[in-house]
Amino acid sequence: MTDTSAFIIKLAIDSWNLTLQRFNSLVLDSLDNETLFLEIAPARNRGIYILGHMVAVHDRMLTLLNFTDRLYPHLDELFLDKPDNKDADFPDISELKLQWNEVNKVLSTHFNQLSVEEWLQKHSAVSAEDFAKEPHRNRLNVLHSRTNHLSYHYGQLRLLKKIDNG
């Protein structure tokens with residue numbers, strides 16, 4: 001592959017890391033547990049739901065990118081299969097934060113080990129036949145998509161900061 005390909009992949013990883021750093025700064029360092037139980041807007045998701053949702057989504061990336069088995073598949077039912085429910089028995093926020101850190105640590109380790117060629121390989125949700133027709137359905141595309149997803153939810157959680165500050 002070319003130096004240009006390596007540069008583009010570096011840009012994508014840097015964007016992921018910056019978005020992750022912003023999310024972490026807000027959720028892990030700035031918002032307290034009480035605030036994470038607030039709704040983003042009336043009848044909308046609460047901060048705790050978004051945090052759990054993000055843990056589950058990033059956990060799914062481990063198998064989607066053919067890295068390793070998932071760490072927290074038990075979170076799917078609460079945070080992916082069903083909408084936020086005030087009566088749900090959520091894990092403790094401190095546990096979700098630990099899981100968030102762990103899954104992102106594992107992802108980061110794998111991201112930093114992939115070669116350019118490996119970034120351009122298919123992800124596990126696309127067949128070899130479909131990938132031959134649509135080579136953009138690769139690991140790098142997943143990274144772009146999940147970076148945008150993370151950024152979207154970061155923006156939602158920023159609203160909690162405004163709500164909390166009144």
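Author: The largest nonpolar core has 43 residues, of which Phe-23, Trp-100, Phe-111, Trp-119, Leu-143 and Leu-157 touch the most other members. At least two residues each come from α1 (3–30), α3, α5 (93–113), α6 (116–119) and α8 (139–164), and α3 supplies the largest share, ten residues. The model is predicted: local features need pLDDT of at least 70, side-chain atom pairs count only at pLDDT 80 or more, and totals for chains, interfaces and linings use all residues. Residues are numbered from 1 along each chain as its sequence is written, and side-chain values use heavy atoms, with hydrogens and water left out.

Reader: What makes a set of residues a nonpolar core?

Author: Such a core is a set of buried Ala, Val, Leu, Ile, Met, Phe, Trp, Tyr and Cys residues joined through side-chain atoms within 4.5 Å.

Reader: Why is Thr-19 called buried?

Author: Buried means under 20% relative accessible area, exposed over 50%, and partly exposed in between (1.4 Å probe, protein chains only). Thr-19 has a relative accessible area of 10%, and is therefore buried. Thr-19 lies in helix α1; helices (H or I, at least four residues) are DSSP runs, numbered from the N terminus.

Reader: Why does Arg-46 count as buried?

Author: Its relative accessibility is 6%, so Arg-46 counts as buried. Arg-46 lies in the loop between α2 (33–36) and α3 (47–64). Leaving aside neighbours within four places in sequence, Arg-46 is in contact (heavy atoms within 4.5 Å) with residues including Glu-39, Asp-84 and Phe-90.

Reader: Why are α1 and α5 called roughly antiparallel?

Author: Axes are lines fitted to C-alpha atoms, for helices over the stretch in contact, and angles run from 0 to 180 degrees between N-to-C directions. Angles under 35 degrees count as roughly parallel, over 145 as roughly antiparallel, 65 to 115 as roughly perpendicular and the rest as oblique. The angle between α1 and α5 is about 165 degrees, with their axes 12 Å apart. The two helices, α1 and α5, are therefore roughly antiparallel.
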